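I opened the model to look up a metal site and the strands around it. My notes follow the coordinates.

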Amino acid sequence: MILNTRVLVLNQNYEPINVCNTRRAINLLGKRKAENVIDTREYLRSINDIFDKPDVIRLFYMVKRPLQRKKLTRKEIFERDKFQCQYCGTSKKTLTFDHVVPRCNGGNLSWTNIVSACKPCNLKKAGKTPKEAGMKLINFPREPKPNRYSFIDHEKIKTSWIPFIPWSKKKYSSLEIKENILI
Ligand SMILES: [Zn+2]
């Protein structure tokens, strides 16, 4: 359905802030709350009107959105720790979680108390603190910064959006862009 096609929404300062569908985008354009940024050279017809088909729109006003904190999940912990055991540094063994301060010593489930660890290190450390076990953490565990662009699904970025998404230019090579495989 053409009205459900995804449209990238930019803030007044051209920063991506959302992805909406064509229906919503046309609504914003119709109410003069946004402008079309890309000329798709395609049109949509209604009974009484013809619209430029939006692909990227920009709001005429600034929207302030609170940044969403990352959820403490297995995947996010491993990503923060770059899939490396935080004690021996290996990335070749199966990873598990380690409570830095063990639960039996009052250690909680938090960004600053959970790290990725390989099974041998996890077993070696057991119910001890790193100091008691004579083990050192490679990095001090912290809460990762919120993801500004969590609304963008990496798999579904259209080629035409790439100039507006700061990290996507680095992420995708020009070859991929030419081949148009991102749509
Ligand atoms: Zn290890």
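I started at the zinc ion: its protein donors are Cys85 (SG), Cys88 (SG), Cys118 (SG) and Cys121 (SG), lying 2.3 Å from it. I took donors as N, O and S atoms within 2.8 Å of the metal (3.2 Å for Na, K and Ca), and water is not among the atoms, so sites may look incomplete. The angles among the 4 donor atoms run from 101 to 115°, and the site is tetrahedral (four donors, all angles between 85 and 135 degrees). Cys85 lies in the loop between helix H2 (74-80) and E7, and Cys121 in helix H3 (residues 119-125), so the pair ties together parts 36 residues apart in sequence. Helices (H or I, at least four residues) and strands (E, at least two) are DSSP runs, numbered from the N terminus.

This is a predicted model: local features need pLDDT of at least 70, side-chain atom pairs count only at pLDDT 80 or more, and totals for chains, interfaces and linings use all residues. Residues are numbered from 1 along each chain as its sequence is written, and side-chain values use heavy atoms, with hydrogens and water left out.

Next I checked burial (under 20% relative accessible area is buried, over 50% exposed, in between partly exposed; 1.4 Å probe, protein chains only). Cys85 and Cys121 are both buried. In E8, 5 of the 5 residues are buried, so the strand is largely enclosed by the rest of the structure. Ile114, Ser116 and Cys118 point one way from E8, Val115 and Ala117 the other.

Definitions and conventions: Tetrahedral: all angles 85-135°; square planar, octahedral: opposite > 155°, others 65-115°.
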